[in-house]
Amino acid sequence: MNELILIIGAKVSGKTVEIKDKLSNITDKNAVVFDYCQEYEDFDIIQPDEVVSFLNGKDGKVARIIPVVNGEKMTLTESQKVVLNILDNIKDGILVLEDLTIYAPSSHEIYEKIITLSENTNNNASIICSFQSVSSTHGEFINKAALISLHRQITSRIDIYKSKIESFELFKIAFLLVQNKTKDNKYFFCEISAGIITGDFSKEDYRSACLDYIIEENGLHRYSEHY
């Protein structure tokens, strides 16, 4: 089964920790992280040309590739070529592309290949992508993702993205839930999948987010002093 999974949140919101946790719980596939920012030092390094064969394994192993060639940091173009080559050839496993916009800010070819993979029912490769904000996340990614993990955001409003998010009501309720909960826990996150929001929150937390949504959508915040 192939999936597109999104992790969206500001810096120091727990995205990398969540990805590591997800990978540690996988037992029937291998995973590779394109570790551009070199934050996955616990994992062994493999070379880019080893990725495809490594991902064919089903041992729950995790490795990483780093953007270094002959002791020199890869250029953005070189990094993009590595990712494109992997996307062109993988058939199985899990590929993690963290902070894709840092090294591929406008590579439509990469985004299109990820979408194509997520729609190809004959391919078993899953992709995990992380982004630092809703604004930096490709709109089609949000609509095609099997699961979206929403962390603390740097913005307090997302209404300007209403036109590019198909299930905007659900997405905004999750956004408001995160906004409320991260006041006390900056690492709180919730997940959206199959029309359901899940996470470490109570029914009261969920009701509060729904009420906030109703108030904002209907302009009732103008009367908040009467509550």
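Analyst: Two strands pair if DSSP finds at least two bridges between them. Helices (H or I, at least four residues) and strands (E, at least two) are DSSP runs, numbered from the N terminus. This is a predicted model: local features need pLDDT of at least 70, side-chain atom pairs count only at pLDDT 80 or more, and totals for chains, interfaces and linings use all residues. Residues are numbered from 1 along each chain as its sequence is written, and side-chain values use heavy atoms, with hydrogens and water left out.

User: Why do E3 and strand E4 (residues 62–65) count as a pair?

Analyst: They share 2 bridges, and the rule asks for at least two, so E3 and E4 pair. Their sense is parallel. Ile45 stands opposite Arg64 in E4. Asp44 stands opposite Ala63 in E4.

User: What is the strand order of the open sheet?

Analyst: The order is E3-E4-E2-E7-E8-E1-E9-E10-E11. That makes 9 strands with mixed pairing.

User: What makes strand E3 (44–45) and strand E11 (196–199) edge strands?

Analyst: Each pairs on one side only.

User: Which helix packs on the sheet, touching strand E1 (4–8), strand E7 (94–97) and strand E8 (126–131)?

Analyst: Helix H5 (residues 108–119) does. Its direction makes about 140 degrees with that of E8. Contact means heavy atoms within 4.5 Å.

User: How do you know that E4 is covered on both faces?

Analyst: Look at each side. Val62 and Arg64 on one side are buried, and so are Ala63 and Ile65 on the other. Buried means under 20% relative accessible area, exposed over 50%, and partly exposed in between (1.4 Å probe, protein chains only). In a regular strand the side chains alternate between the two faces of the sheet. E4 also has parallel bridges to strand E2 (residues 31–34), 4 of them. In E4, Ala63 is the bridge partner of Val32.

User: What covers the case for strand E9 (residues 147–150) having both faces covered?

Analyst: Leu147 and Ser149 on one side are buried, as are Ile148 and Leu150 on the other.

User: In which sense does E9 pair with E1, and in which with strand E10 (residues 190–193)?

Analyst: With E1, the sense is parallel, over 4 bridges. In E9, Ile148 is the bridge partner of Leu6. With E10, the sense is antiparallel, over 3 bridges. Leu150 stands opposite Cys190 in E10.

User: Is Ser79 buried or exposed, and how do you know?

Analyst: Its relative accessible area is 0%, below the cut-off, so Ser79 is buried. Ser79 sits in helix H3 (residues 76–89). Not counting residues up to four places away in sequence, it touches Phe34, Tyr36, Pro67, Met74 and Tyr103.

User: Is Glu98 buried or exposed, and what makes it so?

Analyst: A relative accessible area of 7% falls below the cut-off, so Glu98 is buried. Glu98 lies in the loop between E7 and helix H4 (100–103). Not counting residues up to four places away in sequence, Glu98 touches several residues, among them Thr16, Ile19, Phe34 and Ser130. Glu98 and Ile19 are 79 residues apart along the chain, and their C-alpha atoms are separated by 9.2 Å.

User: Which residues of helix H1 (residues 15–24) are buried?

Analyst: Lys15, Thr16, Glu18, Ile19 and Leu23 are buried. They cover an arc of only 160 degrees around the axis, which puts them on the same side of H1. The arc is that of the directions from the helix axis to the C-beta atoms. On the other side of H1, Val17 and Ser24 are exposed.

User: At what angle do helix H7 (residues 168–181) and helix H8 (residues 203–217) pack?

Analyst: The angle is about 115 degrees, and the axes are 8 Å apart. Axes are lines fitted to C-alpha atoms, for helices over the stretch in contact, and angles run from 0 to 180 degrees between N-to-C directions. Residues of H7 in the contact include Phe168, Ile173 and Leu177, and those of H8 include Tyr206, Ala209 and Tyr213.

User: How do the residues of the contact of H7 with H8 divide?

Analyst: There are 8 nonpolar, 2 polar and 7 charged. Ala, Val, Leu, Ile, Met, Phe, Trp, Tyr, Cys and Pro count as nonpolar, Asp, Glu, Lys and Arg as charged, and the others, Gly among them, as polar.
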